[in-house]
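Hi,

Here is the model I promised to pass on.

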Amino acid sequence: MDELDSALVRMLQEDGRRTNRDMAQALGIAPSTCLERIRSLRERGILTGFHAEADLAAIGRGLQAMIAVRVRPPTRAVIEDFQAFLEQMPEVISLFVLTGNDDFLVHVAVRDTDHLHAVVLDKLTKRPELADVRTSVVYAHMRKKVIGPSL
């Protein structure tokens, strides 16, 4: 990735709806060059998609929590099956598979504390491979919109 590629990735992370013409003008390049560079970034797997970001509270999911989960036995099959189960849960908005004391860190967004309680007790603890679960309510969440390449 060169400086032009980095600039395009940054611009698209800031606003994925920015037009090709606008980005080309801002960078001082031809629109055809801009389009070809973006096409190349997609083909190389650097740009993996475009999405709309929704306000979680506005869609009825104003409470977020992080749930640390440990499963037993910690085999590949158990980890992969439990991961597949978590990926199907509508409350899960992101999922981390970990090393160390916990096997998963699950980021959920739910309506309220009753909904969170139901997720933990009615969905997670019913799984036979679940060995331990710890839930932390998220007071605030910040996510960087622009992530540059490693220096």
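A definition before anything else: I call a residue buried when its relative accessible area is under 20%, exposed when it is over 50%, and partly exposed in between, with a 1.4 Å probe and protein chains only. Bear in mind that this is a predicted model, so local features need pLDDT of at least 70 and side-chain atom pairs count only at pLDDT 80 or more, while totals for chains, interfaces and linings use all residues. Residues are numbered from 1 along each chain as its sequence is written, and side-chain values use heavy atoms, with hydrogens and water left out.

Overall picture

The protein has five helices and four strands, and from the N terminus the order is α-α-α-β-α-β-β-α-β. Those elements are DSSP runs numbered from the N terminus: helices are H or I with at least four residues, strands are E with at least two.

How does the radius of gyration of the protein sit against that of a compact globule of 151 residues? The protein has 20 Å, whereas the globule would be near 15 Å. The radius is taken over C-alpha atoms, and the globule rule is 2.2 Å times the number of residues to the power 0.38. Along the principal axes, the C-alpha atoms fill a box of roughly 60 × 35 × 25 Å.

Buried residues account for 28% of the 151. The accessible surface is about 10000 Å², and 51% of that belongs to carbon and sulfur atoms. Areas come from the Shrake-Rupley method with a 1.4 Å probe, and for residues only the protein chains shown count as cover.

Taking contacts (heavy atoms within 4.5 Å) between residues at least 6 apart in sequence, 64% of them join residues at least 24 apart.

On charges, there are 20 positive and 21 negative ones, and their mean positions are 2 Å apart. Lys and Arg count as positive and Asp and Glu as negative, with His and the chain ends not counted. Each charge is placed at NZ of Lys, CZ of Arg, CG of Asp or CD of Glu.

The peptide bond from arginine 72 to proline 73 is cis, with omega near -5 degrees. Proline 73 belongs to the loop between strand 1 (63-71) and helix 4.

Within helix 4 you will find isoleucine 79. Buried or exposed? Isoleucine 79 counts as buried because its relative accessibility is 16%. Leaving out residues up to four places away in sequence, isoleucine 79 touches Val71, Pro74, Val97, Asp103 and Phe104.

From C-alpha to C-alpha, glutamate 80 and serine 6 are 34 Å apart in space and 74 residues apart in sequence.

Phenylalanine 85 is another helix 4 residue. Beyond residues up to four places away in sequence, phenylalanine 85 touches Lys123, Leu124 and Arg127.

Two side-chain pairs

For these, a polar contact is a pair of N or O atoms within 3.5 Å; within protein, one must be able to donate a hydrogen and the other to accept it, and residues adjacent in sequence count only if both atoms are side-chain atoms.

Histidine 107 lies in strand 3 and counts as buried because its relative accessibility is 6%. Which side chain does histidine 107 join in a polar contact of 2.6 Å? That partner is glutamine 64. Setting aside neighbours within four places in sequence, histidine 107 has contacts that include Gln64, Met66, Ile93 and His141.

Aspartate 102 is in the loop between strand 2 (92-97) and strand 3 (104-110). With 13% relative accessibility, aspartate 102 is buried too. Its side chain makes a polar contact of 3.0 Å with that of arginine 134. Apart from residues up to four places away in sequence, aspartate 102 touches Ala68, Val69 and Arg134.

And in helix 3

Proline 31 lies in helix 3 (residues 31-43) and is partly exposed at 36%. Not counting residues up to four places away in sequence, proline 31 touches Asn20 and Ala24.

Cheers
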